[in-house]
Amino acid sequence: MEGKRKRNNNEDDQADVSLVVSWDTLLHPDFEELGRQFPAFRQARQEMEERRQAAIRAVAGKKDPQQRQQSSSASPYHIKHKHLVAWETYLTPTLAWHLTRALLKVHWGLQLLAATAAAADDDDDDDNPSNTTMNLCPPVPNRFYLVDWIQTILLPRSKDAQYYHSDDGNNISENFVGLDIGTGPYSIYPLLWCETAKRRPQQQSTGWHVYGTDVDAAAIETARQNVRANAWEHAITPLVVEPSTAQQQHKEGKNPTASTTTTIESFRGPLQQSLRSIANHMAPHPLPHFTFCLTNPPFFDHDTATTNGGGHSTVDSLQNQQRRDGRDRSPITQSEGFYPGGEVGFIRDIFADQWIMMWRRMTMIPNNTTSTTPPTWTASMCGRKTSWEALVHVLQATLGVAHVQTAEFGPGETVRWFVAWTWQIPVARSPCAACSTWNMDTGGEITVSELTQRLEAYCTWKEDWHLQVVTLNDTPHKQKQEHIHATTTPLPTRWTLTERPDTIQWHQETDHVAWLPEPIEASMSAWNTVDRARCLLPPEGHFVVDIQATRTTSSSHVVLSCHAYAHTLYGKRRVAQLQSHIGGELTRTNRRWRRKLKLEQHQDTVTEMDTS
């Protein structure tokens with residue numbers, strides 16, 4: 001089974017996971033060894049192998065190549081002849097269930113109980129391969145990938161002054177408090193989080209508590225028994241929550257996105273409902289600040305998902321149904337599979353909850369049932385790339401580029417996409433905001449004072465750009481010693497281009513799509529642009545461009561090295577504008593300066609004619 005792992009944001013700073021689990025053995029398990037350890041897995045695998053061999057024989061028995069090709073495309077077990085040998089094509093829900101249980105046991109020592117087994121006093125009959133439920137079976141690799149991404153990449157960045165400003169409301173303490181929205185009957189994310197954090201040396205002295213919430217009371221009861229079976233009840237708390245406003249409106253036959261009765265005070269998304277349940281559980285103690293919130297959102301939209309025969313999809317229409325490629329569809333319940341708007345709608349409502357929390361904080365509205373600030377990091381897995389791309393765009397347009405992180409993970413032929421966002425304010429030169437680096441040759445000898453004057457002229461022309469000139473501490477003698485064998489010599493000045501402090505405000509994106517529920521979208525649009533910039537941007541504003549000059553020893557030309565950091569989509573456009581203009585401005589060769597030179601020459605000619 002071919003596997004690929006890809007992180008789109010600074011893979012180099014990934015911590016070593018070898019102490020936790022081996023990715024090679026997780027993505028390429030030894031089925032023979034698993035079969036010896038787990039009889040139920042061995043039996044389910046034998047049944048799968050029989051199906052695979054039967055399909056191969058059926059195609060091989062066709063003598064006519066055209067007839068063989070037609071049989072291959074019409075076979076219920078595969079779509080293409082080259083996929084006949086791939087065991088993923090014949091992966092049944094029963095085999096997937098026992099494979100998940102085996103991987104969790106081998107790599108983490110976790111015991112997973114099915115709902116039917118949990119209901120029978122935790123009597124889990126491992127020898128019975130039919131001991132499964134109609135709940136979604138969580139694949140282990142992509143779940144562990146999300147946990148590992150949060151633990152090794154996102155949370156360390158929040159404590160690193162190189163990435164984000166530390167704030168009293170969003171500070172990362174030594175005690176992590178997490179939330180899994182839609183934890184399901186297996187509470188897979190909280191269990192993986194605790195077992196993984198226990199094995200990391202840097203987190204062994206750290207306390208953590210993870211809450212798992214779900215609208216399905218039966219799933220929560222099974223989750224509690226799974227937590228007790230693995231002795232994590234002191235660190236994991238599964239809780240039942242009320243349905244969100246969108247779910248309630250859909251049940252009443254209303255359109256959640258067009259409802260005129262919903263207000264910003266009455267709106268309750270999955271996050272707010274979870275916090276209300278946790279607040280009731282913790283009463284009279286106040287809610288803590290949540291370090292992270294993660295979710296695996298429902299995939300299907302009530303209004304757009306259709307069965308093979310047409311019409312609206314329901315749980316009954318999806319059970320015992322096959323995918324387009326012939327594989328059996330995984331069992332799924334109503335709460336696991338469906339939400340108004342699908343995975344985009346689910347994540348949209350979680351973000352709307354966070355905006356309401358920020359709105360209440362800014363307007364100083366007291367509320368004892370919600371946390372004062374959103375979780376430091378919120379992360380979600382997406383099953384569709386189109387959903388992921390749409391979410392990344394609207395989150396970057398709403399929060400800023402440096403606030404959003406993405407990742408991609410694909411074991412075998414199945415790819416999952418991940419998006420995470422934070423309300424922490426990034427530092428001006430955060431690696432998350434780095435967007436462009438380029439060099440340019442001024443084409444001749446030029447002094448530092450001339451460069452400064454030309455940059456000041458450019459900023460004066462742009463009106464809202466600010467130039468900061470920094471004199472470096474290195475003395476000429478020290479620079480000469482350090483660069484005695486170098487081909488360039490740094491000049492003792494660095495220039496920084498930002499926005500003028502009195503002009504910094506939030507610029508609404510022209511291509512921004514109104515994706516939040518109407519009252520939340522209206523309140524966000526009414527948010528003062530200056531206050532919004534102050535809450536989301538560093539003091540330098542939307543962008544920062546550092547310019548360092550060096551002089552070549554061979555030709556005495558001055559070469560400028562530019563490093564740009566953009567915090568919003570608007571900032572990225574300004575950086576692109578600067579990159580295309582700055583060379584011509586400094587060398588005085590672009591259209592503006594050519595016109596100015598031509599005008600000066602014309603005026604000189606007129607003056608000479610008048611004097612003569």
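Is Cys 535 buried, partly exposed or exposed? At 24% relative accessibility, Cys 535 counts as partly exposed, where buried means under 20% relative accessible area, exposed over 50% and partly exposed in between (1.4 Å probe, protein chains only). This is a predicted model, in which local features need pLDDT of at least 70 and side-chain atom pairs count only at pLDDT 80 or more, while totals for chains, interfaces and linings use all residues. Residues are numbered from 1 along each chain as its sequence is written, and side-chain values use heavy atoms, with hydrogens and water left out.

**View 1. The chain as a whole, with 21 helices and 13 strands.** Helices (H or I, at least four residues) and strands (E, at least two) are DSSP runs, numbered from the N terminus. Of the 612 residues of the chain, 51% count as buried. A contact means heavy atoms within 4.5 Å. Among contacts between residues at least 6 apart in sequence, 77% join residues at least 24 apart.

View 2. The structure holds 0 disulfides, a disulfide being a pair of cysteine sulfur atoms within 2.5 Å.

**View 3. The largest nonpolar core, with 61 residues.** A nonpolar core is a set of buried Ala, Val, Leu, Ile, Met, Phe, Trp, Tyr and Cys residues joined through side-chain atoms within 4.5 Å. Trp 108, Ile 150 and Trp 193 have the most contacts inside this core. Its largest share, 10 residues, comes from helix 7 (residues 140–159). At least three residues of the core come from each of domain 1 (19–54 + 87–109) and domain 2 (147–159 + 173–307 + 338–422), with bounds taken from an automatic or database domain assignment. Leaving aside residues up to four places away in sequence, Trp 193 touches Val 147, Ile 150, Gln 151, Leu 155, Phe 176, Trp 208, Val 210 and Phe 292. A second, separate core of 50 residues includes Ile 181, Met 358, Leu 391 and Leu 537. In soluble globular proteins, nonpolar side chains tend to be buried together.

**View 4. Leu 146 in helix 7.** Leu 146 counts as buried because its relative accessibility is 0%. Its contacts, not counting residues up to four places away in sequence, are Tyr 189, Leu 294, Thr 295, Ala 379 and Phe 418. Leu 146 and Asn 296 are 150 residues apart in sequence, and their C-alpha atoms are 9.8 Å apart in space.

**View 5. Aromatic rings around Tyr 145.** Rings of Phe, Tyr and Trp (its six-membered ring) pair if their centres lie within 6.5 Å; planes under 30 degrees apart count as stacked, over 60 as edge-to-face and the rest as tilted. By this rule the count comes to 18 aromatic pairs. Trp 23 and Tyr 145 make an edge-to-face pair, at 6.2 Å centre to centre with 65 degrees between the planes. Trp 23 belongs to helix 1 (residues 23–27) and Tyr 145 to helix 7, 122 residues apart. Both Trp 23 and Tyr 145 are buried. Tyr 145 also forms a tilted pair with Phe 418, at 5.3 Å centre to centre and 40 degrees between the planes. Phe 418 is in strand 8 (residues 416–421), 273 residues from Tyr 145. The relative accessible area is 1% for Tyr 145, and Phe 418 is buried at 0% relative accessibility. Ring pairs link Trp 23, Trp 108, Phe 144, Tyr 145, Trp 149, Phe 409 and Phe 418 into a cluster.

**View 6. Strand 2 (residues 175–181) and its partners.** Two strands pair if DSSP finds at least two bridges between them. Strand 2 runs parallel to strand 3 (residues 207–214), joined by 7 bridges, and Leu 179 stands opposite Tyr 211 there. Strand 2 also pairs with strand 5 (residues 292–295) in the parallel sense, over 4 bridges. The bridge partner of Leu 179 in strand 5 is Cys 293.

**View 7. Strand 12 (residues 543–552) beside strand 13 (residues 558–566).** Strand 12 is largely enclosed by the rest of the structure, because 8 of its 10 residues are buried. Strands 12 and 13 run antiparallel and are joined by 9 bridges. Arg 551 stands opposite Val 558 in strand 13.

**View 8. Gln 354 in helix 14 (residues 342–363).** Gln 354 is buried, with a relative accessible area of 0%. Not counting residues up to four places away in sequence, Gln 354 touches Leu 271, Pro 374, Pro 375, Thr 378, Trp 421 and Trp 423.
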